[in-house]
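Please consult the sequence and the model alongside it.

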Amino acid sequence: MTELDVAQEFAYAPAPESRALVRIRDEYGLFIGGEFVEGTGEPFATVDPATEERLATVATASAADVDRAVQAARAAHNRVWGPMPGAERAKYLFRLARILQERARELAVLESIDNGKPIRESRDVDVPLAAAHFFYHAGWADKLGYAGLGADPKPLGVAGQVIPWNFPLLMLSWKIAPALACGNTVVLKPAETTPLTALLFAEICQQADLPAGVVNIVTGAGDTGRSLISHPDVDKVAFTGSTEVGRSIAQTVAGTSKKVTLELGGKAANIVFADSPVDQAVEGIVNGIFFNQGHVCCAGSRLLVEESVHDEVIERLQQRMGTLRVGDPLDKNTDIGAINSAEQLAKIRRLSAVGEAEGAQRWSPACQLPERGYFFAPTLFTGVSQAHRIAREEIFGPVLSVLTFRTPDEAVAKANNTPYGLSAGVWTEKGSRILWMAARLKAGVVWANTFNRFDPASPFGGYKESGYGREGGRHGLAGYLRPSPGGASPAGAGVRA
Amino acid sequence: MTLTRPQTGRDRLNSLRPSLSAADIDDLARGGPALRGFLRGLPGVDQVGLEGRAAALATRSIKATAKSFAIDLAISMLDLTTLEGADTPGKVRSLCARARCPDPDRPDGPRPAAVCVYPDLAAVARAALAGSGIAVASVATGFPSGRTSVDVKVQEVAEAIDAGADEVDMVIDRGAFLAGDYDTVFGEIAAVRQACARGIEAGGARSVHLKVILETGELATYDHVRQASWLAMLAGADFIKTSTGKVSPAATLPVTLVMLEAVRDFRASTGRQVGVKAAGGIRTSKDAIRYLVTVNETAGPDWLTPRWFRFGASSLLDDLLRQRMRTDSGHYVGADYVTMD
């Protein structure tokens with residue numbers, strides 16, 4: 001026996017990714033017509049949620065600025081991008097995709113600094129998927145006649161796109177790549193708390209020699225977004241964000257000729273049967289709710305577990321949660337980074353307090369949160385019922401509500417008993433049950449024995465209050481094309497508001 | 001910003017209630033439908049999810065002090081191995097000399113846990129390691145294929161122990177396992193277990209550790225790996241070991257992850273702790289550190305000692321020593337700066 005026979009703690013030393021990989025400017029303007037210009041609105045600050053320090057001052061686009069951007073997009077569409085053959089557009093999209101890959105580390109670091117998400121995720125998920133979306137849609141650009149929308153579908157024109165703060169660069173790529181592939185030009189508004197990677201993407205557009213005006217980035221808060229989606233010369237509105245804002249957008253564009261796709265909130269059920277591959281199910285539960293601090297519209301925020309295995313699953317889940325590392329987003333070993341904003345942190349705290357007040361049992365692993373920055377420990381609520389607010393409202397944070405069921409019918413009924421319908425997960429080793437469940441779950445995406453898997457070839461979108469239209473895959477193209485005569489719109493594709 | 005230290009899994013593990021009593025285990029040991037039903041009732045393993053988890057664990061970034069710690073720990077967990085038809089007493093003696101002093105520049109540095117040889121060379125290793133505290137491990141039971149009778153296997157184990165083996169690495173009968181004949185596999189492990197116990201009586205206070213090699217490359221599915229792990233543990237294995245090193249693939253991170261889940265769950269169910277040995281194909285410090293991370297975050301820190309986790313390898317030590325020198329000196333030395341054997 002040696003001294004090494006006594007188990008010692010394997011403490012991982014800090015492994016920070018270098019901040020020096022990015023150069024954050026002190027001030028950022030708007031990207032209109034291929035150039036950075038000053039905004040005429042009141043500039044705002046974007047902060048590092050892990051340190052609460054100001055990162056940069058960013059311009060606010062006023063209604064006049066938005067109008068300039070839409071005009072630039074219209075001109076680019078009419079003169080250059082619309083008439084350009086698909087094969088030529090594809091070259092630009094491939095070029096953008098390659099530059100995203102070449103500058104992947106820089107983008108990942110910037111994303112983690114501005115958003116608070118762990119570098120492991122921005123490096124291994126956000127940025128590679130963003131590049132994949134450009135590669136995938138580059139491939140479509142000269143094959144649109146095979147998208148099921150007629151022999152010669154046409155672009156809609158100018159797309160006004162408003163994206164959230166949870167996956168800033170990835171949501172940008174979900175919006176811009178299909179729009180450009182289909183021959184549209186875009187004006188995109190990133191979220192006010194996470195504008196920096198969109199502004200870096202604007203530089204990448206310059207680097208790729210993308211014709212001026214094809215991509216325009218306008219920064220700002222809600223007013224800028226409202227100016228954009230209500231602009232009369234915008235043909236298409238694409239929004240990802242909260243159901244509340246989505247509803248007001250739907251009202252704004254009602255009665256106009258604008259096409260709309262909305263990708264809104266969710267309260268997904270992750271359903272674990274007694275015959276699940278339990279260790280992988282536990283991983284899937286963790287990935288479902290703690291990926292990206294739970295700031296995921298399709299997060300598996302309601303765990304429905306078969307009552308006969310409830311205790312065992314919860315015990316294993318708690319054990320696994322004990323190994324999650326919460327802290328510095330730039331540390332390569334961090335699993336859970338910072339909550340994106342003080343406002344969001346307050347909301348998570350408020351709803352968690354409601355959960356306790358309503359009688360659910362709250363549990364978190366012992367974990368020491370950093371003293372500065374917006375952090376929230378991974379949290380588990382057991383003893384939750386469908387009546388509890390934490391089972392009904394989207395918390396958008398690392399908070400999991402656990403409910404039980406006894407039969408497959410009950411699991412389906414509980415899973416569907418929500419105004420949302422974005423995603424669901426099913427865990428069972430029984431293939432026939434997966435198919436049976438998938439046919440009955442009212443959710444746009446059903447994952448079987450996995451969760452939070454994304455691929456540009458797979459359409460993504462919701463039922464009910466989770467929105468309409470699909471993004472990704474062949475179906476996603478329908479949101480950016482006008483079918484040519486004889487062409488049918490694929491099921492679930494873009495809806496005319 | 002202060003980094004948050006994660007809670008170790010140990011407290012949680014200890015809180016799991018034993019669900020298999022001694023009487024339950026006796027029932028299973030009688031084999032037949034009870035054993036078959038138990039093994040087939042184990043939760044399935046989803047291949048995609050398992051491999052995804054292993055890949056995620058492999059992205060842990062182990063730097064600075066953590067890296068030095070991990071490399072020293074990996075050296076101390078080594079079963080320095082030579083299992084060739086061409087092995088000679090001289091080769092074994094030089095391997096033992098290297099085990100006694102892997103890095104002449106660091107005489108106080110960590111040393112391998114054991115030297116692993118064929119049974120006919122166990123006596124040579126025993127003599128060469130006398131007084132060193134380094135164990136002699138001997139493969140046995142018709143290694144590597146195991147295609148011989150149980151009597152021959154037991155006899156071989158007895159001879160290895162007589163020759164001075166402290167640890168016996170047996171192979172299971174994969175053919176019997178794949179044919180669904182769990183009783184045969186169980187019976188052989190139990191018989192070897194008994195032979196090890198007899199060896200202890202014959203050799204005085206010496207404890208002989210039984211490592212059971214599953215040869216996961218031939219079991220093919222992760223479900224089989226999980227079932228074979230439980231089978232071996234129920235039959236009395238002190239360690240479960242991935243591979244002989246003679247079949248490809250040998251140890252992989254996902255396979256080892258399944259086995260670590262099995263020992264974690266087995267302790268939670270029975271209260272008895274079983275070790276894991278990953279053998280074959282682990283050649284670099286980077287690989288070894290990935291295994292240690294997986295041990296740490298799956299079975300938990302209780303397994304992070306040579307008592308409960310081992311590497312079976314022949315060339316891994318070279319890279320561990322070179323990387324260890326690098327953490328001290330700042331540069332990666334050429335292969336000729338570490339002794340070859």
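Predicted model: local features only at pLDDT ≥ 70, side-chain atom pairs only at ≥ 80, totals over all residues.

Residues are numbered from 1 along each chain as its sequence is written, while chains are lettered from A and ligands numbered from 1 in the order in which they are written.

Q: What makes up the helices and strands of chain A, and how many are there?
A: Helices (H or I, at least four residues) and strands (E, at least two) are DSSP runs, numbered from the N terminus. Chain A has 15 helices and 21 strands.

Q: Why is chain A called as compact as a globular protein of its length?
A: The globule rule is 2.2 Å times the number of residues to the power 0.38, and the radius of gyration is taken over C-alpha atoms. For 497 residues the rule gives 23 Å, and the radius of gyration of chain A is 23 Å, so the chain is as compact as a globular protein of that length.

Q: How do you know what share of chain A is buried?
A: A residue is buried if 20 or more other C-beta atoms lie within 10 Å of its own, with C-beta atoms placed from the backbone. Buried residues form 59% of the 497 in chain A.

Q: What span is expected of helix α5 (residues 64–76) of chain B, and what does it reach?
A: The expected span is 1.5 Å times one less than the number of residues. With 13 residues, α5(B) reaches 19 Å from its first C-alpha to its last, close to the 18 Å expected. Its buried residues include B:Phe69, B:Ile71 and B:Leu73.

Q: Which residues make the contact between chains B and A, and how many come from each?
A: Two residues are in contact if their C-beta atoms, placed from the backbone, lie within 7 Å. The contact takes 44 residues from chain B and 48 from chain A. On the side of chain B that touches chain A, α5(B) gives the largest share, 7 residues.

Q: What makes the largest nonpolar core a core, and how many residues has it?
A: A nonpolar core is a set of buried Ala, Val, Leu, Ile, Met, Phe, Trp, Tyr and Cys residues joined through C-beta atoms within 7 Å. The largest has 110 residues, and B:Ala74 and B:Ile240 are among those with the most contacts inside it. Helix α13 (residues 253–270) of chain B gives the most to this core, with 9 residues.

Key. Buried ≥ 20, exposed ≤ 12 C-beta atoms within 10 Å, placed from the backbone.
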